[in-house]
Amino acid sequence: MSYVDGFVLPVPKARLADYRKLARKAGKVWKDHGALAYVECAGDDVPIGKRTSFPRSVKLKPDETVVFAWIVYASRKQRDAINKKVMADPRLQSMCDPKSMPFDAKRMFFGGFKTIVEY
């Protein structure tokens, strides 16, 4: 079964076009190095829960939206090898200046997941 990296982050609505541009470039880098899929989604129906929710998880501000994204790999071994290449890719490094990022990386969370059901 495949392996998935998932992440959630807040993006200012006014910077969503900038974020989409960055995401398209990042997606190309991951796909060029072997990722099977790269998907980024902007919140459309993400209500604030009483205890937990996507907005609460990133301390969403009124002028922000939540981005939920994932990258699919053939295996954990492939993910580790691909991410090593991605992190060394100059195209990605040029996008990682914290001063120019269109989101607050401190409120982003992420993790790697073993697939347990796949169709």
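Leaving aside neighbours within four places in sequence, F103 is in contact with L9, P10, V11, P12, Y19 and M108, where contact means heavy atoms within 4.5 Å. F103 is found in the loop between α4 and β4. Helices (H or I, at least four residues) and strands (E, at least two) are DSSP runs numbered from the N terminus. With a relative accessible area of 13%, F103 is buried; the classes are buried under 20% relative accessible area, exposed over 50%, and partly exposed in between (1.4 Å probe, protein chains only). The C-alpha atoms of F103 and C41 are separated by 14 Å, the two residues being 62 residues apart along the chain.

This is a predicted model, in which local features need pLDDT of at least 70 and side-chain atom pairs count only at pLDDT 80 or more, while totals for chains, interfaces and linings use all residues. Residues are numbered from 1 along each chain as its sequence is written, and side-chain values use heavy atoms, with hydrogens and water left out.

**Strand β1 and its partners**

Strand β1 spans residues 3–12 and is mostly covered, nine of its 10 residues being buried. Strands count as paired if DSSP finds at least two bridges between them. β1 is joined by 10 bridges to strand β3 (residues 64–73), and the two run antiparallel. In this pairing P12 stands opposite E64 of β3. β1 is also joined to β4, by six bridges and again in antiparallel orientation. Here Y3 stands opposite K114 in β4. In a regular strand the side chains alternate between the two faces of the sheet.

**T115**

T115 lies in the segment after β4. Its relative accessibility is 18%, so T115 counts as buried. Apart from neighbours within four places in sequence, T115 is in contact with M1, S2, Y3 and V4. The side chain of T115 also reaches the backbone oxygen of S2 at 2.7 Å. This is a polar contact, defined as a pair of N or O atoms within 3.5 Å; within protein, one must be able to donate a hydrogen and the other to accept it, and residues adjacent in sequence count only if both atoms are side-chain atoms.

**R107**

R107 lies in the loop between α4 and β4, the latter covering residues 109–114. R107 counts as buried because its relative accessibility is 13%. Not counting residues up to four places away in sequence, R107 touches V8, P10, V58, K59, L60, K61 and E64. A polar atom of the R107 side chain lies 2.9 Å from the backbone oxygen of V58. R107 also takes part in a salt bridge, its side chain meeting that of D104.

**Salt bridges**

The structure holds nine salt bridges, a salt bridge being a side-chain nitrogen of Lys or Arg within 4 Å of a carboxyl oxygen of Asp or Glu. Three of these pairs are listed below.

| Pair | N to O distance |
|---|---|
| R91 and D32 | 2.8 Å |
| D80 and R79 | 3.0 Å |
| D104 and R107 | 3.1 Å |

The side chains of R91 and D32 meet in a salt bridge. This pair links distant parts of the chain: R91 belongs to helix α4 (residues 90–93) and D32 to helix α1 (residues 16–32), 59 residues apart. R91 has a relative accessible area of 35% and is therefore partly exposed. D32 is also partly exposed, at 43% relative accessibility.

D80 forms a salt bridge with R79. In that pair D80 is partly exposed at 37% relative accessibility, whereas R79 counts as buried at 14%.

D104 and R107 meet through their side chains. D104 is partly exposed, its relative accessible area being 29%, while R107 is buried at 13% relative accessibility. Elsewhere, salt bridges that share partners join D5, R76, R79 and D80 into one network.

**Nonpolar surface patch**

V46, F54 and F68 make a nonpolar surface patch of about 230 Å². Patches are made of residues with over 30% relative accessible area and no salt bridge; like charges are joined within 9 Å, and nonpolar side chains (Val, Leu, Ile, Met, Phe, Trp, Tyr) within 5 Å. Accessible areas come from the Shrake-Rupley method with a 1.4 Å probe, and for residues only the protein chains shown count as cover. F54 lies in helix α2, which covers residues 54–57. F54 counts as partly exposed, because its relative accessibility is 35%.
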